[in-house]
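Please find below a briefing on one structure, arranged by topic.

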Amino acid sequence: MEIKGIGVSPGIAIGKACVIKKKQAAVTGILLIDDAEIAVEIERFDNAVLLAISEIESIKNNTVLADKDIAILETHIELIGDPQIKDDVTELITAEKKNANDALIQVTQNMIELFRNMDDEYMQARAADMEDIGNRILKHLIGADTLATQKFEPGTIIIAEDLSPSDTITMDLSCIIGFATRAGSTTSHSAIIARARGLPAVVGCSAALMDVQDGDAVIVDGTRGALYVNADDETIRQLKIKREQFIMQTAKLKQLKDTPAVTTDGTAIVLSANISGAADMDDVFYHGGEGVGLFRTELLFMNRDTFPMEDEQFEFYKQTALKAKGKPVIVRTIDIGGDKQIPYFDLPVEENPFLGYRAIRICLDREDIFITQLKAILRASVFGELKIMLPMIAGVQELRQTKGIIEKAKNQLSKDNIAFNHNIKLGIMIEIPSAAITADILAKEVDFFSIGTNDLCQYTLAVDRMNEKIAHLYDPFNLGVLRLISNIIEQANKHQIHVGMCGEMAGDPLATILLLGMGLKEFSMSATSIPTIKNNIIHTDMAEAKQVCEKVMEFDNPDDIKTYLQQFIK
Amino acid sequence: MAAQGMHARPATALVKLGKNFKSAISLKKGDKIVKLNSLLNILSLGIKGGETVSVLIEGEDEADAAAAIDQFFEEELKDL
């Protein structure tokens with residue numbers, strides 16, 4: 001049987017299934033016969049509560065967590081020890097002679113109902129917390145093994161509905177060779193862990209996943225996004241070959257490190273990386289990156305209590321410039337808001353944060369914050385080849401306004417006799433459809449474009465990329481998105497400015513030949529993807545790429561495009 | 001009440017604050033009164049942004065408790 005899903009971590013793992021089932025709360029129906037039994041059950045409940053609390057305390061203390069996650073765990077600790085829950089459970093045990101398990105199940109059910117029926121969306125969502133804490137106490141009541149203590153056989157493939165952050169953090173991964181989950185997306189926790197460990201993983205599997213039994217022979221194909229259950233000999237044989245190929249390919253790509261990214265006809269392409277700080281630079285060079293196409297500066301603004309001062313920012317950019325050893329580094333100015341919040345900057349809760357007060361919009365509104373960052377980048381620009389890139393530009397007015405602020409920053413530095421690169425290059429991210437459509441106008445006023453495909457795709461298709469329910473609608477190969485990308489590249493080339501791409505699509509081997517055909521000059525991606533894309537580039541002929549591009553633009557179905565492009569992956 | 005209402009995070013902080021005092025503290029919204037020691041009960045009031053709640057405090061350290069809770073509503077709640 002083959003189960004389809006989303007491949008989130010490439011490679012093939014062949015092993016035995018271990019099915020993680022959330023224990024269904026089974027009502028025992030046992031009735032207590034005397035006061036002694038009642039006392040025992042109350043004590044059992046109290047103990048389970050203590051164990052549940054210490055379990056969360058230990059997760060909280062032994063793991064590195066975001067503030068938001070710590071707050072959730074603290075709320076759960078408070079709820080588990082809630083006197084009202086204890087009163088209700090005790091009442092059911094004493095008055096109705098239920099055992100602790102049944103009493104807790106009923107109280108949990110009541111809590112879930114109570115919250116589900118509230119007239120506020122936020123409170124309705126708390127029903128899931130009630131279920132979570134109820135299950136956690138129940139688990140200790142039953143004495144069920146937690147994932148953290150569970151021992152796995154070597155060659156285990158984990159099959160689960162979903163893996164919570166606490167599951168994946170505490171699980172012993174030494175014997176696990178792959179994952180398949182029902183829930184999740186490319187950005188879910190299990191996907192990130194799997195990629196970090198190089199374990200093949202498939203998420204978002206169809207419902208058939210829940211029919212897999214413990215010990216079934218399963219194969220995870222994290223490259224294609226499929227799980228094979230008790231496959232026939234022929235399928236196993238083919239997947240074994242594919243597995244060998246993947247391993248060989250990975251080894252081969254390692255050797256490409258010093259090979260220049262030049263097409264067969266001699267067109268040089270820039271392959272660069274997306275980074276979050278100076279520490280990432282080693283990885284960039286290790287994988288053969290020639291610079292940084294996207295330096296996200298958000299890291300500097302997160303996990304702290306106040307905005308970083310100019311000197312601190314300057315150090316941060318300077319360190320990166322130095323570690324880049326003269327290679328270009330495109331610094332993106334603050335891109336907060338949307339899904340990226342910072343605690344000390346009180347951004348209002350918005351109905352549509354992705355369409356709201358974020359990135360350049362905040363910067364133009366809060367010139368004080370913006371000018372501090374610009375001055376710091378300018379000062380650091382004498383230590384390397386830094387370029388400035390503005391996120392979320394929707395039209396030329398914002399760009400002109402920003403240029404005015406940059407001039408102001410430069411003038412302030414000049415007045416104080418502080419050195420900076422007077423000719424620092426300025427570019428914009430093209431990630432809003434209006435900017436993509438008016439690329440001809442914007443191209444006249446900047447030194448480079450960088451296409452942010454993630455946001456461009458979500459804005460063009462009106463698909464929230466964080467919403468799992470519509471994840472299948474998010475497709476950069478949609479013709480609407482491709483036409484915009486094509487226009488951006490065409491206009492940039494026409495106006496002779498540099499054009500790169502720093503979104504996920506740049507690291508998608510399926511898109512390489514198409515983007516080359518469109519005339520893209522720079523591909524920027526996570527460092528680990530560079531060898532794969534390089535391998536595609538060095539085997540591509542530009543004339544063929546142009547033909548492929550023309551052909552693709554004639555299709556009317558994104559699935560046909562992807563099927564067609566498959567043959568060009570090297 | 002803060003714009004987004006009494007969400008889990010501020011409510012957790014409030015319950016923790018209440019534990020520092022010996023006084024019996026309750027929260028009243030409309031005709032519903034719940035003890036401040038239960039996060040579940042506070043959340044189940046479903047307090048929304050803009051709604052008025054009263055705090056009832058009785059005990060030996062009631063003055064201190066009142067001051068601390070006042071400060072919580074005025075200052076800390078807006079940061080949470």
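Predicted model: local features only at pLDDT ≥ 70, side-chain atom pairs only at ≥ 80, totals over all residues.

Residues are numbered from 1 along each chain as its sequence is written, and chains are lettered from A and ligands numbered from 1 in the order in which they are written.

**Barrel**
- In chain A, 8 strands close into a barrel with parallel pairing, in the order β9-β10-β11-β12-β13-β14-β15-β16; the twist averages 30 degrees from one strand to the next.
- Strands are DSSP runs of E of at least two residues, and helices are runs of H or I of at least four, numbered from the N terminus; two strands pair if DSSP finds at least two bridges between them.
- Strands β15 (residues 498–501) and β16 (residues 522–525) of chain A run parallel and are joined by 2 bridges.
- A:Met501 stands opposite A:Phe523 in β16(A).

**Nonpolar cores**
- The largest nonpolar core has 88 residues, and A:Ile428, A:Ile430, A:Phe449 and A:Ile488 have the most contacts inside it.
- Helix α19 (residues 479–494) of chain A supplies the largest share of this core, 7 residues.
- Apart from this core lies another of 39 residues, including A:Met111 and B:Ile25.
- A nonpolar core is a set of buried Ala, Val, Leu, Ile, Met, Phe, Trp, Tyr and Cys residues joined through C-beta atoms within 7 Å.

- A:Ile59 is found in helix α1 (residues 35–62) of chain A.
- A:Ile59 counts as partly exposed because it has 19 C-beta neighbours inside 10 Å; a residue is buried with 20 or more other C-beta atoms within 10 Å of its own, exposed with 12 or fewer, and partly exposed in between, with C-beta atoms placed from the backbone.

Terms used:
Axes fitted to C-alpha atoms, helices over the stretch in contact; angles between N-to-C directions.
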